[in-house]
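Here's a quick briefing to read with the model open beside you.

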Amino acid sequence: KEVDVSHMDNLTGPLSRRVTHEDRQGIETLFNAAADAWRKEDVQALMTLYDLPVYAGTDNAAGAYQAAQCDGEQLRAILTALMRAERKDVSRADRRTPHFLSDSIAMVLVETSVTRNGDALGSYTSAILVIKKDGLWRFKSGVQAGRGQ
């Protein structure tokens, strides 16, 4: 049911920040730049795509949620370790669906299919919060299942 707000003089909260432009191309550019930096194993280029600090959430095998805030040094260490651990015989294909909360905030659902040497291993969904800052989209937060300890 729609809420009648016609009597309100000053709208606040989400109603004050309605989406006027879904910048899907800008978000796609961000994700493509990240994929390019990842392929080149260029951690420095990847770091420029984040708005620090970043926030990460996950759960462990028992389903207990865990979260962390990362500064630049911590993020650089995590990204470097992930790049080093990545298997060359595993590939991922993503389908991204941005959900705009305002012109400068979007939650992107990423559906990832994973294969090894062409054989399907499965798929999973993660959620990435992106923000527009100084005219450019940046990664701010991410949530993905199963990374916890």
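In which helix does Gln74 lie? Gln74 sits in helix 3. Bear in mind that this is a predicted model, where local features need pLDDT of at least 70, side-chain atom pairs count only at pLDDT 80 or more, and totals for chains, interfaces and linings use all residues. Residues are numbered from 1 along each chain as its sequence is written, and side-chain values use heavy atoms, with hydrogens and water left out.

**Overall layout**

- You'll find three helices and six strands in the chain, with helices (H or I, at least four residues) and strands (E, at least two) taken as DSSP runs numbered from the N terminus.
- The pattern along the sequence reads α-α-β-β-α-β-β-β-β.
- The C-alpha trace spans about 60 × 35 × 30 Å along its principal axes.
- Of the 149 residues in the chain, 28% are buried; buried means under 20% relative accessible area, exposed over 50%, and partly exposed in between (1.4 Å probe, protein chains only).
- Take the contacts (heavy atoms within 4.5 Å) between residues at least 6 apart in sequence: 51% of them join residues at least 24 apart.

**The nonpolar core**

- The largest nonpolar core has 22 residues, and those with the most contacts inside it are Ile27, Phe31, Leu46, Val130, Trp137 and Phe139.
- Such a core is a set of buried Ala, Val, Leu, Ile, Met, Phe, Trp, Tyr and Cys residues joined through side-chain atoms within 4.5 Å.
- Helix 1 gives the most to this core, with five residues.
- Leaving aside residues up to four places away in sequence, Val130 touches a set of residues including Ile27, Phe31, Trp137 and Phe139.

**Aromatic rings**

- The structure has three aromatic pairs; rings of Phe, Tyr and Trp (its six-membered ring) pair if their centres lie within 6.5 Å, with planes under 30 degrees apart stacked, over 60 edge-to-face and the rest tilted.
- Phe31 and Phe139 have ring centres 5.1 Å apart and planes at 90°, so they make an edge-to-face pair.
- Phe31 is in helix 1 (residues 24-39) and Phe139 in strand 6 (residues 136-143), so this pair ties together parts 108 residues apart in sequence.
- Both Phe31 and Phe139 are buried, the latter at 8% relative accessibility.
- Tyr50 and Phe139 are a tilted pair, because their ring centres are 5.2 Å apart and their planes lie at 45°.
- That pair links distant parts of the chain, with Tyr50 in strand 1 (residues 50-59) and Phe139 in strand 6, 89 residues apart.
- Phe31, Tyr50 and Phe139 form one aromatic cluster.

**Two partly exposed residues**

- Gln74 has 39% relative accessibility, so it counts as partly exposed.
- Asp103 is partly exposed at 24% and lies in the loop between strand 3 (90-100) and strand 4.
- Not counting residues up to four places away in sequence, Asp103 touches Arg17, Arg18, Val19, Thr20, His21, Lys132 and Trp137.
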